[in-house]
Amino acid sequence: MESESRARRMWRALEPLHAVTYFAPEAREAAEGLGLRGFWRGYFGQRAAPLGAAPAEVVTALFYNFAPGFVARSVPQIWSVAPPERLLEARLAAVDTALRRSLDVDAPEVAEAADLARTAAASVSTAGRALAAANAALPWPDAPHLVLWHAQTILREQRGDGHVAALVGADIDPCEALVVFAAAQDIDPERLRERRGWTAEEWAAAQDRLARRGLVGGGRLTPAGWTLSTDVEARTDTLADRAWQALGDARSARLQELAGPLVARILAAGDFMADNPMGMRPLVAG
């Protein structure tokens, strides 16, 4: 079995530090307190807020794998209920409260991890990476636990932007990407389809397009499909590895070591969705 790349290992080590943005109860309460009812309105509002009051077309393009109509049910109406600047303030306050609940935010390990993560995040190029650039343009928080969260937010959006670039380069459209991903990761395709807002007809059409290219057959990836999926994931990792090249092996390993106990506490607090649509298993979960 091929060893896991450094970039993928670091993503798995750190991603739950960002995921509290959506899955911690404080985040949901913050969105509802601004008048955004339901998980998805809060999700789109809090994740897209760094872009400003972006139209649905822009959010759909950058988030990539959501159905356009699904996004349009929330965007741009959310901006008239909760302007982006208010959402940014609310999400930072919610993350602050959530992390203070689950972590000892004054521990020296948090400050050390924050310094390392900030160094990695500050080293990456955001050229062609709109979501990473939008978050990188925000002011850095002062508290170490929020610096750590903000750094991981930049890093994970930079990784996501690179993943979109890899998919576009492979000529895989948003719905097709999910069909391939569900098959490669053995994720229930119906749940993934529903969570991203595609109709059964749109999903079937994507399967047909992939079948005509010889990438899927009988609901499974063909050898060519597996090659394409592996290449896209490898390209994603390569594009995300620049931050860890800049940090270096020793400091990257140290950050991974420091993040383990922090992420374990976030998982124990229930602030990460184990059955997530990314198919991501936190590193400390094995």
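Visitor: How many helices and strands does the protein come to?

Guide: In this predicted model, the secondary structure of the protein comes to 16 helices and two strands.

Visitor: What share of the residues is buried?

Guide: Of the 286 residues in the protein, 52% are buried. If you look at contacts with a separation of 6 or more, 77% of them are accounted for by residues 24 or more positions apart.

Visitor: What about the surface, which atoms supply it?

Guide: The protein exposes about 12,700 Å², and carbon and sulfur atoms supply 54% of that area.

Visitor: How many charged side chains are there, positive and negative?

Guide: There are 31 positive and 36 negative side chains, and the centres of these two sets lie 1 Å apart.

Visitor: Let's go to helix α10. What span should it have, and what does it have?

Guide: Helix α10 covers residues 144-169, which is 26 residues, and at 1.5 Å a residue these should span 38 Å; the end C-alpha atoms are 37 Å apart, which agrees.

Visitor: Is α10 largely enclosed or open?

Guide: It is largely enclosed by the rest of the structure, because 20 of the 26 residues of α10 are buried. Just after α10 comes aspartate 171, which takes a positive phi of about 60°.

Visitor: Which residues are buried in α14?

Guide: The buried residues of α14 include Gly225, Leu228, Val232, Glu233 and Asp237. Helix α14 itself runs over residues 223-240, and its 18 residues reach 26 Å from the first C-alpha to the last, close to the 26 Å expected at 1.5 Å a residue.

Visitor: And what do those buried residues pack against?

Guide: The buried residues of α14 pack against several elements, among them α1 (6-23), α11 (174-185) and α15 (242-247), and also against α10 and β2.

Visitor: New topic: where is glycine 219 found?

Guide: Glycine 219 sits in the loop between β1 (216-217) and β2 (220-221).

Visitor: Buried or exposed, that glycine 219?

Guide: Glycine 219 counts as exposed, because its relative accessibility is 63% and the cut-off for exposed is over 50%.

Visitor: How far apart are glycine 219 and arginine 251?

Guide: In sequence, glycine 219 and arginine 251 are 32 residues apart, while in space they are 43 Å apart, C-alpha to C-alpha.

Notes: Residues are numbered from 1 along each chain as its sequence is written. This is a predicted model: local features need pLDDT of at least 70, side-chain atom pairs count only at pLDDT 80 or more; totals for chains, interfaces and linings use all residues. Side-chain values use heavy atoms; hydrogens and water are left out. Helices (H or I, at least four residues) and strands (E, at least two) are DSSP runs, numbered from the N terminus. Buried means under 20% relative accessible area, exposed over 50%, partly exposed in between (1.4 Å probe, protein chains only). Contact means heavy atoms within 4.5 Å. Accessible areas come from the Shrake-Rupley method with a 1.4 Å probe; for residues, only the protein chains shown count as cover. Lys and Arg count as positive and Asp and Glu as negative; His and the chain ends are not counted. The place of a charge is taken as NZ of Lys, CZ of Arg, CG of Asp or CD of Glu. The expected span of a helix is 1.5 Å times one less than its number of residues.
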